[in-house]
Amino acid sequence: MAFELPALAYAYNALEPHIDARTMEIHHSKHHQAYVTNLNNAIAGTDAENMSIEAICSNISKYAPAVRNNGGGHFNHDLFWKVIGPNAGGEPTGELAAAIDAAFGNFDTFKQQFAAAATTRFGSGWAWLIVGADKKLAICSTPNQDNPLMDVADVKGTPLLGLDVWEHAYYLNYQNRRPDYIAAFWNVVNWNEVARRLQTA
Ligand code: MN
């Protein structure tokens, strides 16, 4: 079963002005599509052909660099499109809000620490909110298309929220101003989806 590019649940222009339509279109239809195509090519004829993307990631050290780069790219973007959306932003509620308060003190401190992880990731990579094996929330970042599911990750856990800080995610609209993109990101976070992921982690 080959992996496929997932359709977005909203239009390319649905996240404006925070993330512009042209960036969304190229990011989804070109960048993510390339990860899917290259992943399928990289796993052809291997046991990974019949595995979930999560299972591939958790055993990533067994596979070629092309599987790590493109498998991570596929998982990460699939998550990203779902944890952002229109009519979003604001603050989490319920168990997610309580878990954030327990781990970070309060929502503003969480946002500051997450933004710092995203800002200071040198070069290309991702910032993450994860739930660890101890059931506690934590913030981490990964280089390139790595993610916290991978057995090679410095900090491991189940990703709840991810922010793509590759230049392709923001350069058309924000150029070198990564901090402005990160600030705008909070306006499109789909906290209901993040909360759902905490429930099923
Ligand atoms: Mn990307």
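This is a predicted model: local features need pLDDT of at least 70, side-chain atom pairs count only at pLDDT 80 or more; totals for chains, interfaces and linings use all residues.
**Exercise 1.** Work out how Glu193 and Arg197 are paired, and where the two sit.

Step 1: Check the contact. The side chains of Glu193 and Arg197 form a salt bridge, at 2.7 Å from N to O; the rule asks for a side-chain nitrogen of Lys or Arg within 4 Å of a carboxyl oxygen of Asp or Glu.

Step 2: Helices here are DSSP runs (H or I, at least four residues), numbered from the N terminus.

Step 3: Glu193 and Arg197 are both buried, meaning under 20% relative accessible area, with exposed over 50% and partly exposed in between (1.4 Å probe, protein chains only).

Numbering runs from 1 along each chain as its sequence is written, and side-chain values use heavy atoms, leaving out hydrogens and water.

**Exercise 2.** Find what else Glu193 pairs with.

Step 1: Arg196 also meets Glu193 in a salt bridge, 2.9 Å from N to O. These two are three residues apart in H8 (residues 191-200).

Step 2: Arg196 is partly exposed at 42%, whereas Glu193 has 12%.

Step 3: Put together, Glu193, Arg196 and Arg197 make up a salt-bridge network.

**Exercise 3.** Explain what the Asp47 and Lys62 bridge connects.

Step 1: Their side chains meet at 3.8 Å, N to O.

Step 2: Asp47 is in the H1–H2 loop and Lys62 in the H2–H3 loop, so the bridge ties together parts 15 residues apart in sequence.
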